[in-house]
Amino acid sequence: MKIVLIVNRKPYKINVEPKRRLLDILRDDLNFIGTKEGCGKGECGACTVLLNGRRVNSCLVPAFQLEGSTVITVEGLRNWKVFKPIERAFIENGAVQCGFCFPGFVISTVSFLKEKSSPVTLDKIKTAFGGNICRCTGYTKILAAIQELADQKDIIDQIQEDWKNEFNARK
Amino acid sequence: MSLMQENEIKFYCPQNINELDQIIKTSKEKLTFVAGTTDLMALEHEWKKINNLVDLNCVKELSQKIEIQSDGILIGAAVPMSGIINHSLIKDKFTILVEALQQVGSEQIQNRATLGGNIINASPAGDSLPVLNVLNAQLWIGPQKNGEFEKIQVSEIMSGPDETTLKTNKYIAYVLFPFPEGENLFWYFRKVGQREALAISKLSLAVLGWFKNGKIENIRISAGAVTAQVKRAIKTESALINKELNEKLIDEARKSLEDEIAPITDIRSNVEYRKQICGELLRDALFQVKLEN
């Protein structure tokens, strides 16, 4: 079937099998290999992307539901001003080791910080990131990086602005 | 209505309920109704077998509608769980439902998964089922006959593990949550799993009830993952109704529930654990109720 979808601000017209996974479209058809496959069952969160502004496991989204959709992968966050500080917070806290889960964690981070309700407690972060699994860090450093980001007002403001630019400006 | 056909795979994207019902009327094949696809796609071999798909996401009345009515709240069966979790009135009136849905999978899953899917999967471990049961949720089943949906109680939907009573090409359109009749409502929900996120239940317990003149006027108890169907613990409930809550009664209720449920041993847990912990959860629930009243 032919579908049109927008990935990282660029429209793609593609011919795909209706039941093909969004994850395979991104990685194999469009070469956005930042998005990773871990479990393929919606448990590990390595394939997390933003679909129409909401984070989802791209391994559990079929092509036939994608017509006209907007997808943001970790590559697309390079357009966001807030990406650099997020990257820096993860690196400085030692929150990235093998790096496999990192793209999923970054997508969840922007989604969480966009929706966050203050105050951000460790419990809230743990709940929000329950769907992202990391096998290296033991999580402590990841949680520290996210907490650090959540506590900075200019980061939160920047996310709101980047989000607006991404999803509202082009309608 | 749009029909697309590709290598034997047919799928439909009906734009409203009338189109949907028309597809069903004219179809000779067994149709599979999908929305969030989170469970279907996670079971790869099942997913491969499905050839006739109807995407309920296309039907806005089913994938977006949350309507407040005089007697309750009507929720489209294909509304993603996050839409229910973030609805302020549902949070306020049906807190127990929101708490249960927040424990389904992860936020990534909640952004896609739906109540209809959780019900139709008919897993004894379905997270929302015990809560739907104590809330007396009513299911509206399509296609419509003479403009009316068929209405059944959630307790009537499961005939056994992974089996429903729905006939081929019937679908769940809406779930109606009636406002509970009582004042001074108390409720409790606990899910026990290997970890907090993304765990399939070992067991769960939902309790809802209310007091009148110091006595329990009504109580509904439904345990998850310990029975083959969605079933209330009627014996235990009647042992508690019209009684004043005290320690002796709480202990009797715990024992009664342990006897009343019929869990099995499987990869996630065993009979002894499930019986004992289920009883303990009820004790925990009732002690909490006693403290608050």
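Predicted model: local features only at pLDDT ≥ 70, side-chain atom pairs only at ≥ 80, totals over all residues.

Author: The part in question is Cys101(A), which, apart from neighbours within four places in sequence, is in contact with Ile133(A) and Cys134(A). Cys101(A) is found in the loop between α2 (83-92) and α3 (102-115) of chain A. Is this cysteine buried or exposed? Its relative accessibility is 13%, and because buried means under 20% relative accessible area, Cys101(A) counts as buried. A further spatial relation concerns Arg135(A): Cys101(A) and Arg135(A) are separated by 34 residues in sequence, yet their C-alpha atoms are 8.3 Å apart in space.

The surroundings of this cysteine may now be described at the level of the chain. The domain assignment divides chain A into domain 1 (2-76) and domain 2 (78-168). The contact between them draws on 22 residues from domain 1 of chain A and 19 residues from domain 2 of chain A. Between the C-alpha centres of these two domains the distance is 21 Å.

In secondary structure, chain A contains six helices and five strands. Read from the N terminus, the order of its elements is β-β-α-β-β-β-α-α-α-α-α. The radius of gyration of chain A is 16 Å, close to the 16 Å given by the globule rule for 171 residues, so chain A is as compact as a globular protein of that length. Along the principal axes, the C-alpha atoms of chain A fill a box of roughly 45 × 35 × 25 Å.

Among contacts in chain A between residues at least 6 apart in sequence, 62% join residues at least 24 apart.

The secondary structure of chain B amounts to 13 helices and 14 strands. Its radius of gyration is 20 Å, close to the 19 Å that the globule rule gives for 293 residues, so chain B is as compact as a globular protein of that length. The C-alpha trace of chain B spans about 65 × 45 × 30 Å along its principal axes.

In chain B, 54% of the 293 residues count as buried. Of the contacts in chain B with a separation of 6 or more, 60% are accounted for by residues 24 or more positions apart. Chain B exposes about 13,600 Å², with 46% of this area supplied by carbon and sulfur atoms. The mean positions of its 34 positive and 38 negative charges lie 2 Å apart.

Several individual residues of chain B also deserve mention. Thr32(B) belongs to strand β3 (residues 32-34) and is buried, with a relative accessible area of 18%. Not counting residues up to four places away in sequence, Thr32(B) touches Leu40(B), Ile50(B), Asn52(B), Leu53(B) and Val54(B).

The remaining residues concern backbone geometry. Most residues other than glycine have a negative phi, and most peptide bonds are trans. Gly142(B) and Pro143(B), however, are joined by a cis peptide bond, with omega about 0°. Pro143(B) is placed in strand β7 (residues 138-145) of chain B. Asp162(B), a residue other than glycine, has a positive phi near 60°. This aspartate lies in the loop between β9 (158-160) and β10 (163-164), and at 57% relative accessibility Asp162(B) counts as exposed. Asn169(B), likewise not a glycine, has a positive phi of about 65°. Asn169(B) sits in the loop between β10 and β11 (171-178) of chain B, and with 13% relative accessibility Asn169(B) counts as buried.

Terms used
Residues numbered from 1 in each chain as written. Chains lettered and ligands numbered in written order. Heavy atoms only, no water. Helix = DSSP H or I, 4+ residues; strand = E, 2+ residues; numbered from the N terminus. Buried < 20%, exposed > 50% of the residue type's maximum accessible area, 1.4 Å probe, protein only. Contact = heavy atoms within 4.5 Å. Rg over C-alpha atoms; globule rule 2.2 N^0.38 Å. Areas by Shrake-Rupley, 256 points an atom, 1.4 Å probe, with all protein chains shown as cover. Lys, Arg positive; Asp, Glu negative; His and termini not counted. Charge placed at Lys NZ, Arg CZ, Asp CG, Glu CD. Domains from an automatic or database assignment.
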